[in-house]
Structures are given as structure tokens and as C-alpha cells.
Amino acid sequence: MSCPPPLFVQGTMRLLDVFPPAPQAVRWLCYALLPLVPALLLREIGFGSRQARIASPDNVEADGEKPADAYVQLLPCIRSRRSVFPKSYVDRQVKPHVMKKLLEAAMWAPFHGPRPPWRFVVLGRKAMIDMQRMTLNFYDNNWRETPRFGDGTEAEYLSWRKRTEEEILGRWGPVSYMVAIVMQRQAGSKRMPEWEEAAAVACAVQNMHLQASAFPGVACYWSSWHAAARDSEDMRVFLGMGAEDKCLGYFIVAACEPTLKDFRERKPETHLSAEWRD
């Protein structure tokens, strides 16, 4: 006495019966292929896939000679992260959905405590100009008290002011977004050391920069901005910051040529300080 076919085979056989009659050979071919369906479905949803293999600890090479797929994928992404400065920008708008992806990446940075300490204020074209004019107004009223111009002359300040004002539409003209990087002090109910909150914000910025490398032609760098204006009460009001919050500069997002050459070089002898101890 033969065993009945599995339930999924029986169900599919009934389904085939609904359609117009097909040659017997075609029907038997369909029946023969039916056992492959579960395996194909499992592969489609990820079981046994390359992604699943990457996630498995068993896929990691112990000797380091043949790195796992995850390593091969991640390190080039890290290496491609670079600061691209205004001289390389082109007049092309970075789409809002790209900026949203950078912010999504920032959200996954590590932090200590119940709430993350980062806050980002994304300035578009008009808001960028407003912020830069606010910066100039601050220096107009306070340049003599700032470390940069405290020992300088008015002529020196006016020369700097002229160059800085020209940069609004010149150097910064092609920029799509200036993202204010704000460290929210005491973000949660438990007070953390300030250095931990600043470090978490820096990790979030690094995540944005890494994510930007996935978009050819997107150029970014972290600008500390004009220090006296950045730390001023004027900036605090402009960005809606709390009394203990700090602006850590601006993350500049612009466009560049996708084929822009990368001349950086990193060597363990000069760029890595590490000590191994048994």
C-alpha cells in the first residue's frame, strides 16, 4: 500500500485540476518539480542565503588569512568614508531622501542611558543663509572680544568679514544641507558624564558619514564652524538649544563628481597606534 503524497503536493495537485486540461506529460513534470518548492521558498526568505551565512559566527575565518564576507563588505565602506571640502562641490542638489537615510544611520549609533543625546537641525538653502548672516551679526557686535580678533585691528576684521560674506553664495552656495550637530546635555532621566554624550554624538555623525559613502556623488565633512559664533547665545537661540546643550559644529552635505579622485593614504606605521599585551 503506497503512502499518500505530502499535503503541499496534494494541495497543488488539486490546484492544477482547476486549470484547463494539459498534456499528461506536462502534469507529471509539474508533480516531479513540486518537492523543490519548499527549498526555493526557504531560500527566498533568507534561510541558507548568503546573508544568513554572513551572520553566522561559523563563517568567520579564525586565522585572518581569508576574511569572512562581512569583513570584505564592511572595510571598503569604512575606507571610502572621506571628508570632501567645498572646492570639490558641484551645483547639484542632494535629494531629501538621501539626507533622511543619513539621519536614519545616525539613529543607530551607540549611546549610554535611556535616551540618545544627539539632536540634528537640518538647514536647507534659506536657513543656511540665515545662519550665516546670524554668524556675521554676532561678530559685528562682538569681534573685539573674540580670541580670533581680540588683538587685531578693525581693518583686519572688515577684511575677514568681506571674505566670509562672499562665501555665503560662493563657497557655501552649492551646499544642499548644513546639519547642526547638537549634543543634548542630560538627554534622559539619568545624568551621564558629558564626555560620554559627546562621544555618542560623534558616533552618530560618523554613521552619517559612512552612510554617505553608499551614495556616489555625495560629499560631506564635519565643520567646526566659527568657534565664537558657534558657542554663542545667538546660536543657542537660533537652534533652539537647551541651557546646557552644545553645538559641536555643522555636518556639510553637498554634491561632487562621482569620479572624484581619492588621494588619501593610510598606513599602520603612521596612522595606527596600538599596543598588544598578553
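The following questions and answers go through a predicted model of a protein, from its overall make-up to single residues.

Residues are numbered from 1 along each chain as its sequence is written. In this predicted model, local features need pLDDT of at least 70 and side-chain atom pairs count only at pLDDT 80 or more, while totals for chains, interfaces and linings use all residues, and side-chain values use heavy atoms, with hydrogens and water left out.

User: How many helices and strands does the protein have?
Analyst: Helices (H or I, at least four residues) and strands (E, at least two) are DSSP runs, numbered from the N terminus. Under that definition the secondary structure comes to 12 helices and 4 strands.

User: What percentage of the residues in the protein is buried?
Analyst: A residue is buried under 20% relative accessible area, exposed over 50%, and partly exposed in between, with a 1.4 Å probe and protein chains only. Of the 278 residues in the protein, the buried share is 33%.

User: In what order do the strands of the open sheet lie?
Analyst: Two strands pair if DSSP finds at least two bridges between them. Strands of a sheet pair through backbone hydrogen bonds, either parallel or antiparallel. Here the pairing is antiparallel, and the 4 strands of the open sheet have the order 1-2-4-3.

User: Which residue is the bridge partner of Trp-118 in strand 2?
Analyst: Strand 1 pairs with strand 2 (residues 177-183) in the antiparallel sense over 6 bridges. In strand 2, the bridge partner of Trp-118 is Met-183.

User: What angle does helix 6 make with strand 1?
Analyst: Helix 6 (residues 96-107) packs on the sheet and touches strand 1, strand 2, strand 3 and strand 4 (246-255). Axes are lines fitted to C-alpha atoms, for helices over the stretch in contact, and angles run from 0 to 180 degrees between N-to-C directions. Contact means heavy atoms within 4.5 Å. The direction of helix 6 makes with that of strand 1 an angle of about 170°.

User: How far apart are the end C-alpha atoms of helix 9?
Analyst: Helix 9 (residues 194-212) lies across strand 1, strand 2, strand 3 and strand 4, running at about 155° to strand 2. The expected span of a helix is 1.5 Å times one less than its number of residues, and for the 19 residues of helix 9 this should be 27 Å. The end C-alpha atoms agree with that, being apart by 27 Å.

User: How many residues apart in sequence are the parts tied together by Lys-246 and Glu-194?
Analyst: The side chains of Lys-246 and Glu-194 meet in a salt bridge (2.6 Å, N to O). Lys-246 is partly exposed, with a relative accessible area of 38%, and Glu-194 is partly exposed at 32%. Lys-246 lies in strand 4 and Glu-194 in helix 9, so the pair ties together parts whose separation in sequence is 52 residues.

User: What separates the C-alpha atoms of Arg-161 and Asp-140?
Analyst: Arg-161 is in helix 8 (residues 154-169) and is buried, with a relative accessible area of 18%. Leaving aside its neighbours within four places in sequence, Arg-161 is in contact with Leu-136 and Asp-140. Arg-161 and Asp-140 are 21 residues apart along the chain, and their C-alpha atoms are separated by 8.6 Å.

User: What is the phi of Trp-225?
Analyst: Most residues other than glycine have a negative phi. Trp-225 lies in the loop between strand 3 and helix 10 (227-230), and is buried, with a relative accessible area of 10%. Although Trp-225 is not a glycine, its phi is positive, about 65°.

Technical notes:
A salt bridge is a side-chain nitrogen of Lys or Arg within 4 Å of a carboxyl oxygen of Asp or Glu.
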